Amino acid sequence: MSTTSTPPVTIEAPPHGAADDILTPQALAFLAGLHDRFDARRRELLAARAVRQERLDAGELPGFLPETASVRNGDWAVDPIPFADLQDRRVEITGPVDRKMMINALNSGARTFMADFEDSNSPSWANCLDGQQNLQDAHRGTIRLETEKKAYELGPDPATLLVRPRGWHLPEKHVLVDGQPISGALFDFGLYAFHNLAQRVEAGSGLYLYLPKLESHLEARLWNEVFDHAEEALGVPTGSIRATVLIETILAAFEMDEILFELRTHSAGLNAGRWDYIFSVIKKFRNDSGRVLPDRAQIGMTVPFMRAYTELLVQTCHKRSAFAMGGMAAFIPNRRDPVVTERALAKVRADKGREAADGCDGTWVAHPDLVPVVLEIFDGVLGNRPNQMHKQRPEVEVGAEDLLDTSIEDGKITEDGIRENVDVGIRYLSSWITGNGAAAIHNLMEDAATAEISRSQLWQWVRTGASTDDGQPITAERVRAVADDVVAELADEWGEHFATARVDEARTVFEQVALADDFIEFLTLPAYELID
């Protein structure tokens, strides 16, 4: 199918059922306008990331920016949120834009649901277009799915819908403007806003977003400019779009005040995106042998650098009258194994109890069965209040050295840690390139963020000459030998499914991003070339 409009847009993808309704000439013109106005700046900011990484590789450490001290020290707050349906966010559930998953999440009892085009979505052309159709149907109350076993439809009190577009770094290869791929972020946001923003305003609501992977307040400034443009172009008041920023990079942790300030007319707060944050710490200090992290299972929320960042997030948000949202509980209850489930639920309760006590206004879960468990915890702290803005945390004092304290008591790298990373990485990539970006693996909901931890740890361990606790060096050959074992185990475990799971391609990509001489910024970049 090839479609053009003015400004010139070309669709290089096979026909798809939702295309005619989603990719109207007017919608394509809106996308082209976003690209023409904002893509050059987006590319400049991505280039700035690479320059910053060169400085980090040379030994520079991040810190609070001296040039923005007046923002951090200033007396200001984000604009109040006027929308009733975004006042109480005590439990948020997340998942991809798959129709069945969306209906179940909207009916889960969570206060809000984040529909995800990013880490838990494999961005095939079909998934992206169907996702846009599903969002429209959800907002209009018509989303429904009929299967042989069951009919899925919205209940009487669905969760408030939020949407996470892709990050600034990812392209949408199927849509070209002047011959260049449009940004995946602008594509996802643009179509969602074009088809739903005015409708949401007419309903007395707004358009609610989560913004991923930001590394600086300048990247937040670009998003704010996009929002201003969209609101003006679509004829709605400023502030109709509200965005929560995921603080999931170590660099953004030093600019939380500045990010809120840039988005203050559109802000809905910050979220502690814990898994990507761990990945970011590994990635940014990947060549620093003094900052090598142990097995990922040992990197919990109470280790120094994670504790510092979450406490600073709550303090910063509440100082600025913004929501402070806790991180993801990725556990998936196993109804066939109550012992395993109860053991894991005890960890979830401890984690979410700590977030609630810290002052978080809500938190994330990955499975509907966790909603009542976590809701009980936050109900016990919040009561009838919608948030904990009153909890200002003046006692928290977090300096640069605290955010950079990657020491972990008794931390070690083990053979099991290597095997877990290889196993999760290959399994996840197999799922991703066959169309599913949210993969249930060993009772955890794995997405791109957790797979990134797996492969970046291996890259760092090999590159820095690390050894396991038995004194054996971690080499590329050792990792490949483990991959041989994992693939053989998958062949036995999956049976007939193995033939269609594209495991060889998944392993190739995994070894590319885990063992290549040059660190590839995101595993989704080479993997994206393998999907339609």
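On a 1 Å grid over the protein atoms alone, a cavity is a set of points where a 1.4 Å probe fits but cannot get out, and its lining residues have an atom within 4 Å of a point. Grid points are joined across faces, edges and corners, and a volume is the space filled by probe spheres set on the points. The structure examined here is a predicted model, in which local features need pLDDT of at least 70 and side-chain atom pairs count only at pLDDT 80 or more, while totals for chains, interfaces and linings use all residues. Residues are numbered from 1 along each chain as its sequence is written, and side-chain values use heavy atoms, with hydrogens and water left out.

Confidence comes first. pLDDT is the predictor's confidence in each residue, from 0 to 100. For the protein chain its mean is 96, and 99% of the residues reach 70 or more. Residues 1-5 stay under 50, and the model gives them 16 contacts (heavy atoms within 4.5 Å) beyond four places in sequence. Where pLDDT is low, the predicted coordinates should not be read in detail.

The cavities can now be described. Three cavities of 30 Å³ or more are counted. Helices and strands are DSSP runs numbered from the N terminus (helices H or I, at least four residues; strands E, at least two). Both α16 (448-463) and α19 (524-528) supply at least two residues of this lining, and α16 gives the most, with three. By class, the lining of the largest cavity has nine nonpolar, three polar and six charged residues. Here Ala, Val, Leu, Ile, Met, Phe, Trp, Tyr, Cys and Pro count as nonpolar, Asp, Glu, Lys and Arg as charged, and the others, Gly among them, as polar.

The second largest cavity holds about 80 Å³ of space. Residues that line it include A272, R274, M301, D351 and C360. Two or more lining residues come from each of α11 (304-319), β12 (324-329) and α12 (338-358), and α12 gives the most, with four. This lining is made up of three nonpolar, three polar and six charged residues.

Next come the nonpolar cores. Such a core is a set of buried Ala, Val, Leu, Ile, Met, Phe, Trp, Tyr and Cys residues joined through side-chain atoms within 4.5 Å. Buried means under 20% relative accessible area, exposed over 50%, and partly exposed in between (1.4 Å probe, protein chains only). The largest core has 123 residues, of which L23, F187, F189, W223, F227 and I247 touch the most other members. Helix α2 (residues 25-57) provides its largest share, nine residues. Apart from this core lies another of 37 residues, including V424 and W461. Beyond four places in sequence, the residues touched by I247 include M256, L270, Y277 and L313.

A few loop residues complete the picture. G206, between α6 (184-202) and β9 (207-211), is buried because its relative accessible area is 4%. Beyond four places in sequence, G206 is in contact with F83, R200 and S240. Most residues other than glycine have a negative phi. H442, in the loop between β14 (439-441) and β15 (444-446), has a positive phi of about 55°. R502 also has a positive phi, near 55°, and lies in the loop between α17 (476-494) and α18 (503-515). At 26% relative accessibility, R502 is partly exposed.

How values were computed
1 Å grid on protein atoms, 1.4 Å probe; cavity = no way out; pocket = protein on both sides within 12 Å on 5 of 7 lines; lining within 4 Å.
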